Amino acid sequence: VDDSSGSLISLYERAAEGLPALVARCGEDDKANLVEGLVPALLADEHGLIDAALLATIPVLGPVELVALDRALDRATPAAAKARDWPRQRRRDRLLRARKAIADAGSDVDAFIALEMQRPELARDHLDIAERLLAAGRTTEALAFVRKPRRPGLHASTALDIADGSAGIDVDAHRQVRVEIAILAAARDVAASQRLRWSTFQADLDPALLRAFLAALPDFEDDEALDRAFAHAAAHPARHRALAFLLEWPRLDLAAALVLRHAAEWDGRHYGVLAPAADALQHDHPAAATVLYRALIDDILQRGRSAAYGHAARYLATLATIESDVIAEAGHVDHRGYSEGLQRAHGRKHGFWSLVRD
């Protein structure tokens with residue numbers, strides 16, 4: 001069927017989403033019949049609908065239905081495992097996912113581990129295993145799994161990473177260190193968990209990790225540690241990440257000092273970071289806000305980004321409300337001088353100036 005609008009597939013998706021609630025109201029006989037039909041449907045599914053519906057339905061099945069479903073999936077696994085073509089491999093993975101969901105529904109950590117270990121070595125998720133062992137209170141085993149060697153994972157970059165020229169984070173490594181911290185904390189290894197919290201905070205300036213680090217300190221030691229954290233952030237090479245951390249904490253005074261210390265280095269292209277920072281600093285630290293607003297305006301006009309002229313005009317109007325002596329004290333040209341400079345450099349950008357007049 002030609003369904004370029006997506007209307008028909010959305011009906012099937014709604015049906016798949018509705019299945020768990022229907023199953024929860026079914027009697028035992030209907031649930032048993034459903035189990036018999038789900039496995040062949042799962043194997044035949046080419047759109048992921050049954051896969052998603054089955055995973056969502058497993059938690060509402062009773063122990064009897066879960067055992068029956070697991071046996072049916074187990075019987076279907078050998079045929080799927082023998083196949084070499086991609087669709088058959090995908091079916092095998094679906095069967096394994098469903099069986100792991102059944103193990104989770106029954107809180108059977110050992111069954112989950114046995115199923116995960118059936119996957120190829122490079123595909124095994126040791127963190128999934130470690131998290132379940134942690135939840136079961138088996139911290140020694142959890143620590144062994146979380147520390148197993150792994151191949152590099154997917155990297156993800158945020159606006160902060162892009163602004164700082166960073167390659168981003170290895171998503172699995174990011175998750176791994178936080179799972180290990182949780183395991184060490186559960187095992188009451190305070191020293192090790194604190195070392196890992198601090199070293200990780202030093203690298204990525206995560207406020208949540210710093211708060212956890214401070215909460216685990218003995219009384220009267222948190223003030224000194226916090227000062228040390230702020231000093232580290234102020235000198236951090238990832239300048240945009242440091243700014244975001246200080247704003248989020250919040251320490252607006254330190255964020256403003258950071259902005260002014262690097263006044264000539266902020267690049268308005270990173271407006272996703274700088275614009276919220278300027279807004280946050282505008283009232284209590286207008287000189288720092290001025291530096292950021294001007295960086296944003298300069299970038300928009302220098303690159304002729306006409307779609308952003310409205311933003312630049314609003315930034316300029318905001319700057320007009322800041323008293324000139326505040327700007328002069330910070331060592332910058334006053335608003336009149338800055339505006340005249342814009343006129344000289346960008347006087348022919350009539351679209352911008354008409355918005356300024358409006």
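Reply: Thr57 has a relative accessibility of 0% in this predicted model, and because a residue counts as buried when that value is under 20%, Thr57 is buried. Thr57 belongs to helix H3, which covers residues 49-57, and its side chain reaches the backbone oxygen of Ala53 at 2.6 Å. Once the neighbours within four places in sequence are set aside, Thr57 is in contact with Leu19, Pro20, Val23 and Leu34. Ala130, by comparison, is 73 residues away from Thr57 in sequence, and the C-alpha atoms of the two lie 25 Å apart in space.

Another buried residue is Asp161, which has a relative accessibility of 5% and has its place in helix H9, residues 159-164. With its neighbours within four places in sequence left aside, Asp161 is in contact with Ala156, Ser166, Gly168 and Arg241.

Burial can also be followed along a whole helix. In helix H8, residues 139-146, the buried residues are Thr139, Ala142, Leu143, Phe145 and Val146, and these cover an arc of only 165° around the axis, so that they sit on the same side of H8. An α-helix has 3.6 residues a turn, so residues three or four places apart point the same way. Helix H6 (109-116), helix H7 (126-135) and H10 are among the elements that cover the buried residues of H8.

Helix H12, residues 207-215, can be read in this way too, with Pro207, Leu209, Leu210, Phe213 and Leu214 buried. Seen down the axis of H12, these buried residues fall within an arc of 160°, and therefore they line one face of the helix. Their cover includes helix H10 (171-186), H11, H13 and helix H14 (239-248).

On the H11 side the contact is made by Trp198, Phe201 and Gln202, while H13 contributes Arg228, Ala229 and His232. By type, the residues of this contact between H11 and H13 comprise 3 nonpolar, 2 polar and 1 charged.

How values were computed
Residues numbered from 1 in each chain as written. Predicted model: local features only at pLDDT ≥ 70, side-chain atom pairs only at ≥ 80, totals over all residues. Heavy atoms only, no water. Contact = heavy atoms within 4.5 Å. Helix = DSSP H or I, 4+ residues; strand = E, 2+ residues; numbered from the N terminus. Nonpolar A, V, L, I, M, F, W, Y, C, P; charged D, E, K, R; others polar. Buried < 20%, exposed > 50% of the residue type's maximum accessible area, 1.4 Å probe, protein only. Arc of directions from axis to C-beta. Polar contact = N/O pair within 3.5 Å; in protein donor to acceptor, adjacent residues only side chain to side chain.
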